[in-house]
Amino acid sequence: MRILISADMEGATGVTWPADVLPGTAQWERCRSMFTSDVNAAVLGFFDGGADEVLINEAHWTMRNLLLERLDERVQMLTGRHKALSMVEGVQHGGDRAVDGVAFVGYHAGAGMEGVLAHTYLANQITGVWLNGVRASEGLLNAHVVAEFGVPVVLVTGDDLACEDALGYAPGALKVAVKDHVSRYAAVCRTPARTAADIRAAAREAAPLAVRHEPVAGGPFTVEVEFDAEHLSAAVTVVPGVRRVAERKVAYTSGTMYEGIRTFKAVTTVASAAVEEQYG
Ligand SMILES: [Zn+2]
């Protein structure tokens with residue numbers, strides 16, 4: 001059994017504030033240790049539950065946050081950026097690299113939703129994303145990508161609202177809330193010792209759910225992206241297939257989520273390049 005862990009940071013233990021997840025800050029240095037603790041707890045739980053291999057794919061910011069030297073020696077970690085499938089890179093392989101189950105560790109609610117550090121890809125320029133009319137978080141988008149490869153989401157960790165969000169896209173997955181939402185920048189947090197025990201137990205229980213199924217062909221997928229400024233929706237129309245549907249909103253349609261998430265990545269990359277420091 002081969003498990004892929006997609007590890008994001010906003011939903012990690014103790015994290016509630018931008019500086020907690022901003023590479024280079026003192027708070028980030030402190031929080032990456034708690035993030036590593038969450039991820040390692042999932043690794044240990046999956047091995048307890050019978051996994052033969054666990055691959056971690058770093059999925060936050062520049063994708064170099066986890067402390068490799070503190071991870072269980074059986075694990076492998078994909079770190080760094082520029083990957084075909086971004087947050088769920090690795091799920092697309094077949095043969096002896098085929099993944100049987102995916103875990104979303106440290107996930108968070110989507111842009112425009114209630115939740116600690118809620119956003120979708122861009123920290124604040126995107127105010128909402130919809131997939132076929134349903135408001136989408138990163139978890140929901142990535143769940144559709146992995147379903148296309150026949151891989152189930154078996155575990156989700158984050159704040160309580162990230163877990164609630166996961167009820168929609170991965171109803172069968174185990175969920176662990178490491179903190180309870182109070183506001184976008186505040187939460188009632190549990191200690192790393194406590195959340196590590198909870199995550200390890202849940203991952204162990206989730207391991208038997210890692211069974212590949214028939215790939216789900218759910219397309220076509222229409223993705224709508226709403227920005228906080230009109231010039232960003234104008235800028236992203238350089239991406240082929242992306243059309244402006246309102247002053248601050250664009251849409252595109254993809255036959256598969258493999259293409260859908262790659263176009264989404266292109267849209268967010270162009271949008272970030274068009275953001276001006278003071279005026280947005
Ligand atoms: Zn994220």
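This talk goes through a metal site, the residues around it, and the nonpolar cores of one structure.

The model is predicted, so to speak of it I use these limits: local features need pLDDT of at least 70, side-chain atom pairs count only at pLDDT 80 or more, and totals for chains, interfaces and linings use all residues. Residues are numbered from 1 along each chain as its sequence is written, and side-chain values use heavy atoms, with hydrogens and water left out.

I will start with the zinc ion. Which residues coordinate the zinc ion? They are Asp8 through OD, His108 through NE2 and Glu138 through OE, at 1.9 to 2.1 Å. Donors here are N, O and S atoms within 2.8 Å of the metal, or 3.2 Å for Na, K and Ca; water is not among the atoms, so sites may look incomplete. Along the chain, the donors follow the spacing D-x99-H-x29-E. Asp8 in the loop between E1 and H1 and Glu138 in helix H2 are 130 residues apart, and this pair links distant parts of the chain. The helices (H or I, at least four residues) and strands (E, at least two) are DSSP runs, numbered from the N terminus.

Next, the record. UniProt, in an unreviewed entry, lists Asp8, His60, His108 and Glu138 under "binding site". These four span 131 residues in sequence, yet no two of their C-alpha atoms are more than 11.5 Å apart, so they gather at one spot. The lining of the largest pocket takes in Asp8, His60, His108 and Glu138. Another "binding site" annotation from the unreviewed UniProt entry covers Asp8 and Glu10, and both of these are in the lining of the largest pocket too. UniProt positions are given in the numbering used here, feature names are shortened, and annotations may be inferred rather than shown by experiment. As for the pocket, the search runs on a 1 Å grid over the protein atoms alone: a pocket is an open set of points where a 1.4 Å probe fits, with protein on both sides within 12 Å along at least five of seven lines, and lining residues have an atom within 4 Å of a point.

Asp8 sits in the loop between strand E1 (2–7) and helix H1 (26–48). Is Asp8 buried or exposed? Asp8 is buried, with a relative accessible area of 2%. Buried means under 20% relative accessible area, exposed means over 50%, and partly exposed is in between, using a 1.4 Å probe and protein chains only. Beyond residues up to four places away in sequence, Asp8 touches several others, including Phe35, Ala59, His60, Met87 and Glu138; contact means heavy atoms within 4.5 Å. Its side chain makes a polar contact with the side chain of His60 at 3.5 Å. A polar contact is a pair of N or O atoms within 3.5 Å; within protein, one must be able to donate a hydrogen and the other to accept it, and residues adjacent in sequence count only if both atoms are side-chain atoms.

Glu10 is in the loop between E1 and H1 as well, and at 6% relative accessibility it counts as buried. The side chain of Glu10 makes a polar contact with the side chain of His60, at 3.4 Å.

His108 lies in the loop between E4 and E5. His108 is buried, at 3% relative accessible area. A polar contact joins the side chains of His108 and Asp8 at 2.9 Å.

Glu138, in helix H2, is buried with a relative accessible area of 3%. The side chain of Glu138 makes a polar contact with that of His119 at 3.4 Å.

Last, the cores. A nonpolar core is a set of buried Ala, Val, Leu, Ile, Met, Phe, Trp, Tyr and Cys residues joined through side-chain atoms within 4.5 Å. How many residues are in the largest nonpolar core? There are 47, of which Val91, Phe104, Tyr169, Phe227 and Phe264 touch the most other members. Elements that each supply at least two residues of this core include strand E4 (101–107), helix H2 (138–148) and helix H6 (257–273). Apart from this core lies another, of 40 residues, among them Val105, Leu117, Val154 and Ala210.
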